[in-house]
Amino acid sequence: MKFIHQRGTGTTLPQLVDEQENILSRLEMFKMNMWFSGIQIPIGGIAAVYTHPNFRNRGYARKCFEHALRLQQKESLCLSLLFGNPDFYKKFGYIPIMPWYGIYVYHTSWKTLPPEPTMLDYSPGDDQAILRLYTQNSKSQVGPIVRDFQ
């Protein structure tokens, strides 16, 4: 068995393959910056974990996770995030850090809501204004991703 890496736009797809290069298990890694109270910190994340049903319960997903975490540590990423079943991922060292939220609006409340703002069509010249607005509203928070139009 070995790992092969397929590169994407802002992502890496480590794949655990057998001698014939059949994919046994894989996941997707991403790297970006996150705002943390006005400071940009480098973070990584893991998504799209998959093991073919014929190869499950053999530790292949664990090998992928351990490989991905070593790669993220090598790049000095401050955090590694994922969204998924918290009970399942605890065995890989992940813990829940952000609460899940829901918004409920009672059907009788809609009459008291303010009218919707006027929406404008996007044009390419709006990029910098959108970026300034996003940065202004997210920079002092903990968790929003640092955005740019590069």
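Author: A residue is called buried if its relative accessible area is under 20%, exposed if it is over 50%, and partly exposed in between, with a 1.4 Å probe and protein chains only. The model is predicted, so local features need pLDDT of at least 70 and side-chain atom pairs count only at pLDDT 80 or more, while totals for chains, interfaces and linings use all residues. Residues are numbered from 1 along each chain as its sequence is written, and side-chain values use heavy atoms, with hydrogens and water left out.

Reader: Which residues of α1 are buried, and what puts them on the same side?
Author: Tyr-60, Ala-61, Cys-64, Phe-65, His-67, Ala-68 and Gln-72 are buried. They cover an arc of only 165 degrees around the axis, and therefore lie on the same side of α1. The arc is taken from the directions between the helix axis and the C-beta atoms. An α-helix has 3.6 residues a turn, so residues three or four places apart point the same way.

Reader: How do you know what span to expect for α1?
Author: The expected span is 1.5 Å times one less than the number of residues. For the 15 residues of α1 that gives 21 Å, and the helix reaches 21 Å from its first C-alpha to its last, close to the expected value. Ser-76 follows α1 with a positive phi, near 55 degrees.

Reader: What do the buried residues of α1 pack against?
Author: They pack against β1 (2–7), β2 (11–17), β3 (23–36), β4 (39–51), β5 (79–81) and α2.

Reader: Why is the pair of Phe-65 and Tyr-89 called tilted?
Author: Rings of Phe, Tyr and Trp (its six-membered ring) pair if their centres lie within 6.5 Å; planes under 30 degrees apart count as stacked, over 60 as edge-to-face and the rest as tilted. Phe-65 and Tyr-89 have ring centres 5.5 Å apart and planes at 45 degrees, so they are a tilted pair. Phe-65 is in helix α1 (residues 60–74) and Tyr-89 in helix α2 (residues 86–89), 24 residues apart.

Reader: What makes the pair of Phe-65 and Tyr-94 edge-to-face?
Author: The angle between the planes is 75 degrees, and the centres are 6.1 Å apart. Tyr-94 lies in the loop between α2 and α3 (127–138), 29 residues from Phe-65. Both Phe-65 and Tyr-94 are buried, as are both Phe-65 and Tyr-89. Ring pairs link Phe-65, Tyr-89 and Tyr-94 into a cluster.

Reader: What makes a set of residues a nonpolar core?
Author: It is a set of buried Ala, Val, Leu, Ile, Met, Phe, Trp, Tyr and Cys residues joined through side-chain atoms within 4.5 Å. The largest one has 13 residues, and those with the most contacts inside it are Leu-27, Ile-46, Phe-65, Leu-82, Tyr-89 and Tyr-94. Helix α1 gives the most to this core, with four residues. A second, separate core of five residues includes Met-34, Ile-41, Leu-81 and Ile-145.

Reader: Why does Ile-4 count as partly exposed?
Author: Its relative accessibility is 28%, so Ile-4 counts as partly exposed. Ile-4 lies in strand β1 and touches Leu-13, Pro-14, Gln-15 and Val-17, not counting residues up to four places away in sequence. Contact means heavy atoms within 4.5 Å.

Reader: How do you know that β1 and β2 pair?
Author: Two strands pair if DSSP finds at least two bridges between them, and β1 and β2 have six, in the antiparallel sense. Lys-2 stands opposite Val-17 in β2. Three residues lie between the strands of this hairpin, where Gly-10 takes a positive phi near 75 degrees.

Reader: What makes both faces of β2 covered?
Author: Thr-11, Leu-13, Gln-15 and Val-17 on one side are buried, and so are Thr-12, Pro-14 and Leu-16 on the other. In a regular strand the side chains alternate between the two faces of the sheet.

Reader: Which way do β3 and β4 pair, parallel or antiparallel?
Author: They pair in the antiparallel sense over 11 bridges. By contrast, β4 and β5 run parallel and are joined by three bridges. In β5, Ser-80 is the bridge partner of Gly-44.

Conventions
Helix = DSSP H or I, 4+ residues; strand = E, 2+ residues; numbered from the N terminus.
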